[in-house]
Number of protein chains: 2
Amino acid sequence: MNTHIYPSKLLENAVEEFAKLPGIGRKTSLRLVLHLLRQSEVDVDRFSETMIKLRHDVKHCRICNNISDTDVCTICSSPRRDGTLICVVESIKDVMSIENTHQYSGLYFVLGGVISPMDGIGPADLKIDQLVNKIAEGNVREVIMALSATMEGDTTNFFIYKKLKHQSIAISAIARGVAFGDELEYTDEVTLGRAIINRVRFEAALAD
Amino acid sequence: MNTHIYPSKLLENAVEEFAKLPGIGRKTSLRLVLHLLRQSEVDVDRFSETMIKLRHDVKHCRICNNISDTDVCTICSSPRRDGTLICVVESIKDVMSIENTHQYSGLYFVLGGVISPMDGIGPADLKIDQLVNKIAEGNVREVIMALSATMEGDTTNFFIYKKLKHQSIAISAIARGVAFGDELEYTDEVTLGRAIINRVRFEAALAD
């Protein structure tokens with residue numbers, strides 16, 4: 001859609017702004033902006049001010065880097081959490097995904113990404129030193145690496161493993177394998193190969 | 001995704017606001033909000049203030065109801081436009097679509113919708129009186145109805161036709177037929193039937 005056909009510069013500006021968001025093209029952007037135009041001024045003000053407030057006021061937990069409204073997040077400050085377990089994840093989204101499983105009651109540590117030379121992200125761009133310092137305090141019994149099952153994730157796992165292996169803690173990684181509901185025929189050979197190597201005793205699998 | 005897993009109320013509020021937009025679910029909303037969080041404060045402020053400014057400052061052309069930054073829109077005020085031709089459309093989006101074809105140099109009239117009893121939209125909810133008054137001024141030679149090819153569009157066409165038929169103007173409707181590139185096999189019978197009834201002489205078709 002050519003830009004010169006916008007009947008209004010204000011409309012065009014708004015469409016441009018929405019189109020900067022990931023996955024939002026110009027057509028979707030126009031649809032969203034025209035929707036906003038049909039809402040009341042109060043509603044549009046609230047929408048916009050919520051984003052401004054979020055960006056200005058949101059904090060990152062000084063212990064785990066998770067998003068938080070307070071200096072220390074609700075997970076790190078909860079007495080019901082097992083403070084001897086730390087799950088290392090890439091992003092806030094991963095914390096939310098794991099929380100959603102209701103299967104984990106330890107704490108988290110948000111790295112802020114994985115080592116990816118292609119994207120110019122080195123170890124120094126991540127919060128690895130902060131993690132090492134936290135472990136050095138001595139209260140942690142096990143670190144669970146829960147990074148992406150990619151080459152970048154594996155590289156980061158290995159880098160952190162080397163940094164932590166001299167400490168007296170257990171270091172584990174979340175299980176890789178065939179996902180529930182997947183048919184073997186459509187599982188890639190790397191996953192299937194690893195699933196065979198890392199097979200578990202049937203009694204253990206039943207206990208899940 | 002359960003709401004209680006949001007690590008921050010500010011984040012939750014922002015996700016809720018985005019998720020109110022049409023076609024944006026909670027997962028997409030979270031992705032967009034986390035994207036905004038990674039942008040600079042200046043960028044998020046500009047995004048938000050653009051929406052506020054649009055909603056507060058945008059005008060509707062007092063002649064055609066199209067969106068405009070001024071009292072009379074750029075189309076209605078252009079000396080290069082044929083003021084004797086009025087194309088009646090449902091929405092601002094339709095104006096933009098037709099402008100995009102570069103095949104029309106008359107003016108527009110935005111009705112604001114079509115008559116749709118199911119949605120509680122009657123003739124009084126549309127700008128039909130304003131259209132009738134405009135035609136009564138006497139400068140218009142032809143009204144082109146360009147509403148949706150739906151029952152609601154047809155009903156509205158007919159309602160407006162009845163209001164205008166005593167005026168000395170031509171009333172036309174945009175052609176319905178088989179779209180360019182469509183195979184007859186996959187064209188629905190109503191469209192195909194109308195396309196046969198409203199066939200044009202081959203020479204005329206060639207001239208397009």
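## A salt bridge across the chains

Glu17(B) and Arg46(A) join their side chains in a salt bridge, with 2.8 Å from N to O. The term stands for a side-chain nitrogen of Lys or Arg within 4 Å of a carboxyl oxygen of Asp or Glu. Between chain A and chain B the count is two salt bridges, while the structure over all chains holds 14.

Arg46(A) also has a partner in its own chain: its side chain meets that of Asp43(A) in a salt bridge (3.3 Å, N to O). Both residues sit in helix H3 of chain A, three residues apart, or about one turn of the helix. Helices here are DSSP runs (H or I, at least four residues), numbered from the N terminus.

## How the model was read

This is a predicted model, in which local features need pLDDT of at least 70 and side-chain atom pairs count only at pLDDT 80 or more, whereas totals for chains, interfaces and linings use all residues. Residues are numbered from 1 along each chain as its sequence is written, chains are lettered from A and ligands numbered from 1 in the order in which they are written, and side-chain values use heavy atoms, leaving out hydrogens and water.

## Two helices, face to face

Helix H3 (residues 41-57) of chain A packs against helix H3 (residues 41-57) of chain B at an angle of about 175 degrees, their axes 9 Å apart. Axes are lines fitted to C-alpha atoms over the stretch in contact, and angles run from 0 to 180 degrees between N-to-C directions. H3(A) and H3(B) are therefore roughly antiparallel, a label for angles over 145 degrees.

By class, this contact has eight nonpolar, four polar and eight charged residues. Nonpolar covers Ala, Val, Leu, Ile, Met, Phe, Trp, Tyr, Cys and Pro; charged covers Asp, Glu, Lys and Arg; the others, Gly among them, are polar.

In total, 56 residues of chain A are in contact (heavy atoms within 4.5 Å) with 55 residues of chain B. The two chains bury about 5400 Å² between them, 70% of it on carbon and sulfur atoms. Buried area is the accessible area (1.4 Å probe) lost on putting two parts together, summed over both.

A rotation of 180 degrees with 0.0 Å of shift along its axis superposes chain A on chain B (RMSD 0.1 Å), by least squares on C-alpha atoms of residues with pLDDT of at least 70 in both. The two copies are thus related as by a two-fold rotation axis. Of the residues of chain A, Ser48(A) comes closest to that axis, at 2.2 Å (C-alpha).

Conventions. Parallel < 35°, antiparallel > 145°, perpendicular 65-115°, else oblique.
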